Amino acid sequence: MKSFIAPNYSNLSKVAADNREVYGNGVPFPFIKFDNFFNETLLDQVVDEFPDLASEDSMEFNNSNERKFAGKGELSFGPQTRAFMHFLNSAPFLEFIQSITGIDEKLLGDPYFIGGGLHEIKRGGVLKIHADFNKHKLTGLDRRVNVLIYLNKEWNEKYGGHFELWDAAMTECGQRILPTFNTLAIFTTTDF
């Protein structure tokens, strides 16, 4: 099987070492973004398997702060998606995340995909400014890092939908990331 990582990022140790300072100096908090990080052919297969979460046995969030759908663990994963998600929870990828973030303790993935997994925001959907949860409800462990991988093909900037990183006081947006296909965003998760 081909590598999930694009050839120009294949040496994850070097990528982490070369970008640790960029991550740590992220504004308004530690983060980094990579374009075309994953093998495009394999990521295309994940897109081809992506279910319509509105018609699946998924979780629907519909309130004033969010209108979106989230899969329930591996239930909606196709075979390529399952392999990709297991790679993201594997030692090589977790060691990359640990190295780029400078976290000393060993990181553990989330095989339950609580808060992770597949998410879909349909046309007219919204996800307002928020802080992600930082305690895993099953394990009680701290959630230290988030990894977002965008699968939107032919996304036009006029659609909006940027991922925005705001300061703790929620007064200033420090960074905007367009949710385009094969964009990887990594950021520190805390209680704010």
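Predicted model: local features only at pLDDT ≥ 70, side-chain atom pairs only at ≥ 80, totals over all residues.

Student: In what order do the strands lie, and is the pairing parallel or antiparallel?

Tutor: The order is β1-β9-β6, and the pairing is antiparallel. On average, neighbouring strands are turned by 10 degrees against each other, direction ignored.

Student: How many bridges join β1 to β9?

Tutor: Five, and β9 covers residues 183-188. Take Asp35 as an example: its bridge partner in β9 is Thr183.

Student: Which helix packs on the sheet, touching β1 and β9?

Tutor: That is α1, residues 12-24. Its direction makes about 130 degrees with that of β1.

Student: Now helices. How do I read which way their residues face?

Tutor: An α-helix has 3.6 residues a turn, so residues three or four places apart point the same way. Now look at α4, residues 91-101.

Student: Which residues of α4 are buried?

Tutor: They are Phe93, Leu94, Phe96, Ile97, Gln98, Ile100 and Thr101. Their cover includes α1, β1, α3 (79-88), β6 and β9. Just after α4 comes Gly102, with a positive phi of about 80 degrees.

Student: At what angle do α1 and α4 pack?

Tutor: About 30 degrees, with the axes 7 Å apart. Angles under 35 degrees count as roughly parallel, so α1 is roughly parallel to α4. Their crossing is right-handed.

Student: Which residues meet there?

Tutor: From α1, Leu12, Val15, Ala16, Asn19, Arg20 and Tyr23. From α4, Pro92, Phe96, Ser99, Ile100 and Thr101. Phe96, Ile100 and Thr101 are also among the buried residues of α4.

Student: Let me try a loop residue. Where does Ser58 lie?

Tutor: Ser58 sits in the loop between α2 (40-49) and β2 (59-62).

Student: Is Ser58 buried or exposed?

Tutor: Check its relative accessibility. Ser58 has 16%, and under 20% means buried, so Ser58 counts as buried.

Student: What does Ser58 touch?

Tutor: Leaving out residues up to four places away in sequence, Ser58 touches Leu53, Phe69, Ala70, Gly71 and Lys72. Look at Leu53 again: its backbone oxygen lies 2.5 Å from a polar atom of the Ser58 side chain.

Key: Residues numbered from 1 in each chain as written. Heavy atoms only, no water. Pairing = 2+ DSSP bridges. Helix = DSSP H or I, 4+ residues; strand = E, 2+ residues; numbered from the N terminus. Axes fitted to C-alpha atoms, helices over the stretch in contact; angles between N-to-C directions. Contact = heavy atoms within 4.5 Å. Buried < 20%, exposed > 50% of the residue type's maximum accessible area, 1.4 Å probe, protein only. Polar contact = N/O pair within 3.5 Å; in protein donor to acceptor, adjacent residues only side chain to side chain. Parallel < 35°, antiparallel > 145°, perpendicular 65-115°, else oblique. Left-handed = near helix turned anticlockwise from the far one by under 90°.
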